[in-house]
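Please look at the sequence and the structure shown here. The paragraphs that follow lead from a single residue to the sheets and helices around it.

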Amino acid sequence: MTARMIDGKAVAAELSQFIADAARRVITEHGVEPGLAVVLVGDNPASEIYVRSKTAKIAATNMRSSFHKLPATAPEAELLELVGRLNHDPTVHGILVQLPLPPQIDPRKVIEAIAPAKDVDGFHPLTAGLLSTGLPGIVPCTPLACIMLAKKVHGSLAGLEAVVIGRSNIVGKPLAQLLLIENATVTIAHSKTRELPAVCRRGDIVFAAVGQPQMVRRDWIKPGATVIDVGINRVPAEDGKTKIVGDVAFAEVADVAGAITPVPGGVGPMTIACLMLNTLKAACVQNGLPVPSP
Ligand code: NAP
């Protein structure tokens, strides 16, 4: 491996320390305890793990969390009613409804029911609109994590060719908007893109947010380019169990890239740290306090 490893865990630990210190100051100086409400519907094992790690991190950053679990059979109206109550609870500054939701619930309706000021995931259409028009607002966690990791390598992203593979509303599109704000030249690729390897080879930075295990290969990457792997894919392992891999064939790409994020240990831990940051910032905005910035 020749690429420099971008250690998402270490960067996330640094950011978490900043958040913990800033949250302590907000509590002691202003009497505001930033609070995140986490809502889980059903028993999806992966969601249970995500929710547990998020609530543990909230406590570690001196903030408060409340956990609300509904059964997998809960009707949509029950979840909307819960979100409505959390919207009006002054001790809750951020609301996270863990996706995916059971089939009887329309995720779009739920996302739109969250008060935009408490939309710490950054999925609300109003939040997306603010981002795309360059206005201040909450920035979705995973795209923010990607930008922070890329800046650890490049400092400034201005003028760089950035290729984003994936155009989802929660990763690809907001990531592209953030890259424009950073003055990168942005290409968004997707499942209908022709000559995808050649498109990727244009990138000084390639962001893979596809959901296809190890799809990005060595010859897709310009030598020395930075590769940020957003993918989380569970695949069979050699020992008969399963393991998590990214959207990038790590071992071979690490031989040609200049810097690369691992999976796990790259974008994942930074995404959770960015959720904590958004909760802290939301609490400050809602209470008219100065917003801490790392
Ligand atoms: P998504 O909604 O399924 O979107 C995937 C995108 O990839 C779509 O735009 C799709 O194109 C494109 N795509 C799919 N197959 C492709 C192919 N063969 N060639 C080119 N483009 C292709 O997924 P997502 O929610 O954005 O998530 C992407 C990945 O990131 C997943 O592995 C997910 O688990 C992971 N993720 C990680 C974090 C984290 O914290 N690390 C957070 C969120 C998501 P079309 O639009 O044309 O269909």
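Leaving aside residues up to four places away in sequence, Ala 189 touches Val 164, Ile 165, Gly 166, Arg 167 and Leu 196, where contact means heavy atoms within 4.5 Å. Ala 189 and Val 164 lie 25 residues apart in sequence, while their C-alpha atoms are 6.0 Å apart in space. Ala 189 belongs to strand β6 (residues 185-189). Helices (H or I, at least four residues) and strands (E, at least two) are DSSP runs, numbered from the N terminus. Ala 189 counts as buried because its relative accessibility is 0%; buried means under 20% relative accessible area, exposed over 50% and partly exposed in between, with a 1.4 Å probe and protein chains only.

The model is predicted: local features need pLDDT of at least 70, side-chain atom pairs count only at pLDDT 80 or more, and totals for chains, interfaces and linings use all residues. Residues are numbered from 1 along each chain as its sequence is written, and side-chain values use heavy atoms, with hydrogens and water left out.

Where does β6 stand in its sheet? The open sheet has 6 strands in the order β1-β11-β8-β7-β5-β6, with parallel pairing. β1 (4-5) and β6 stand at the edges with a single partner strand each, so one side of each has no neighbour in the sheet. Two strands are said to pair if DSSP finds at least two bridges between them. Strands of a sheet pair through backbone hydrogen bonds, either parallel or antiparallel.

β5 and β7 pair in the parallel sense over 4 bridges, and Ile 165 has Ala 208 as its bridge partner in β7. A further 4 bridges join β7 to the parallel strand β8 (residues 226-229), where Ile 228 is the bridge partner of Phe 207.

Just after α7, Asn 183 takes a positive phi of about 70°.

Two helix pairs share α10. The axes of α6 and α10 come within 8 Å and cross at roughly 115°. Axes are lines fitted to C-alpha atoms, for helices over the stretch in contact, and angles run from 0 to 180 degrees between N-to-C directions. α6 is therefore roughly perpendicular to α10; angles of 65 to 115 degrees count as such, those under 35 as roughly parallel, those over 145 as roughly antiparallel and the rest as oblique. On the α6 side, the contact includes Cys 141, Leu 144 and Leu 149, and on the α10 side it includes Val 267, Met 270 and Cys 274. The residues of this contact divide into 11 nonpolar, 3 polar and no charged. Ala, Val, Leu, Ile, Met, Phe, Trp, Tyr, Cys and Pro count as nonpolar, Asp, Glu, Lys and Arg as charged, and the others, Gly among them, as polar.

Helix α1 (residues 8-30) packs with α10 (residues 267-286) at an angle of about 20°, with the axes 8 Å apart. This angle makes α1 roughly parallel to α10. Among the residues of the contact are Leu 15, Phe 18 and Ile 19 of α1 and Met 270, Ala 273 and Cys 274 of α10. The contact of α1 with α10 consists of 16 nonpolar, 2 polar and 1 charged residues.

Another open sheet remains, with 3 strands in the order β3-β2-β4 and parallel pairing. Its edge strands are β3 (64-70) and β4 (94-97), each pairing on one side only, and the twist averages 15° from one strand to the next. Strand β2 (residues 35-41) and β4 pair in the parallel sense over 4 bridges, and Val 38 stands opposite Leu 96 in β4. Helix α2 (residues 45-60) lies across β2, β3 and β4 and runs at about 170° to β2.
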